[in-house]
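Hi everyone, thanks for making time for this. I'd like to walk you through a structure, starting with the overall fold and then going to a few places inside.

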Amino acid sequence: MSEEKENILSQSVEQTAKEVQSEGTHQVNAQEGGWFPYPPSRPARLIPPIALAYIGDAVYEVAVRQYLLSKANMRPNHLHRSATKLVSAKAQSRILTSIEAALTEEELDVVRQGRNAKSGSVPKNADVLEYRHATAFECLIGYLYSSSQHHRMIELIGLGIEQAEQASASTSK
């Protein structure tokens with residue numbers, strides 16, 4: 001994702017927070033951990049990896065949908081197919097591998113915890129290793145979201161989407 005698109009996404013999130021705040025319905029504070037006025041029950045480091053993956057999955061899905069809506073002339077069926085290519089366990093596993101070199105020690109620690117977490121479910125459309133890597137990626141996104149590191153989260157999601165799109169373009173040639 002280009003720096004320009006990253007800035008636009010970040011400004012959109014900030015603007016939404018300001019609008020909600022000015023309406024007086026709920027006061028949104030970026031220190032609370034998210035985009036909505038429901039702070040996590042504990043610091044992000046103390047949230048179980050599976051719970052971080054739970055919110056990370058949703059946040060990443062929204063990011064992908066917003067990315068796809070930024071493209072011209074997308075029909076609903078094409079949107080769905082394109083989203084699936086970016087949010088599947090296989091795609092998330094590849095994205096994690098492609099961004100791993102850019103991660104900090106703290107982020108790598110979160111990834112390790114997410115990869116080792118036992119989800120209690122069996123993957124349908126991925127092998128166990130891909131599923132664990134996808135869970136690790138979602139855990140990372142959930143951690144960054146819950147710890148109010150939104151700029152870093154947007155940066156890594158953008159880098160992952162960009163690299164996934166490049167890989168997709170090179171395999172379709």
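Let's start with the fold. The chain has seven helices and zero strands, and reading along the sequence you get the pattern α-α-α-α-α-α-α. Please keep in mind that this is a predicted model.

How much of the chain is buried? Of its 173 residues, 37% count as buried.

Next, the aromatic rings. A pair of aromatic rings is described by the distance of the centres and the angle of the planes. How many aromatic pairs does a search of the whole structure find? The search turns up two.

Tyr145, with a relative accessible area of 8%, is buried.

Then there is Tyr60 with Phe137, also an edge-to-face pair, at 5.0 Å centre to centre and with 90 degrees between the planes. Here Tyr60 comes from helix 2 and Phe137 from helix 6, so the pair ties together parts that are 77 residues apart in sequence. Both Tyr60 and Phe137 are buried.

While we are on helix 6, have a look at Thr135, which lies in that helix. Why does Thr135 count as buried? Its relative accessibility is 7%, and buried means under 20%. Which residues does Thr135 touch, leaving out those up to four places away in sequence? They are Ile50, Ala53 and Gly114.

Over in helix 2, find Leu68. Leu68 counts as buried too, because its relative accessibility is 3%. Not counting residues up to four places away in sequence, Leu68 touches Met74, Leu79, Ser82 and Ala83. If you'd like a distance to check on your screen, Leu68 and His78 are 10 residues apart in sequence, and their C-alpha atoms are 9.6 Å apart in space.

A search of the whole structure finds one cavity of 30 Å³ or more. What is the volume of the largest cavity? It comes to about 40 Å³.

The lining of that largest cavity is made up of Ala44, Arg45, Ile47, Pro49, Leu52, Val110, Gln113, Cys139 and Tyr143. Sorted by type, the lining residues are seven nonpolar, one polar and one charged. Which helices each supply at least two residues of this lining? Helix 2 (49-69), helix 5 (105-116) and helix 6 (128-146) do.

To wrap up, let me bring you back to helix 2 and helix 6. Both supply residues to the cavity lining, and Tyr60 and Phe137 pair up between them.

Notes:
Residues are numbered from 1 along each chain as its sequence is written. This is a predicted model: local features need pLDDT of at least 70, side-chain atom pairs count only at pLDDT 80 or more; totals for chains, interfaces and linings use all residues. Side-chain values use heavy atoms; hydrogens and water are left out. On a 1 Å grid over the protein atoms alone, a cavity is a set of points where a 1.4 Å probe fits but cannot get out, and a pocket is an open set with protein on both sides within 12 Å along at least five of seven lines; lining residues have an atom within 4 Å of a point. Grid points are joined across faces, edges and corners, and a volume is the space filled by probe spheres set on the points. Helices (H or I, at least four residues) and strands (E, at least two) are DSSP runs, numbered from the N terminus. Ala, Val, Leu, Ile, Met, Phe, Trp, Tyr, Cys and Pro count as nonpolar, Asp, Glu, Lys and Arg as charged, and the others, Gly among them, as polar. Buried means under 20% relative accessible area, exposed over 50%, partly exposed in between (1.4 Å probe, protein chains only). Contact means heavy atoms within 4.5 Å. Rings of Phe, Tyr and Trp (its six-membered ring) pair if their centres lie within 6.5 Å; planes under 30 degrees apart count as stacked, over 60 as edge-to-face and the rest as tilted.
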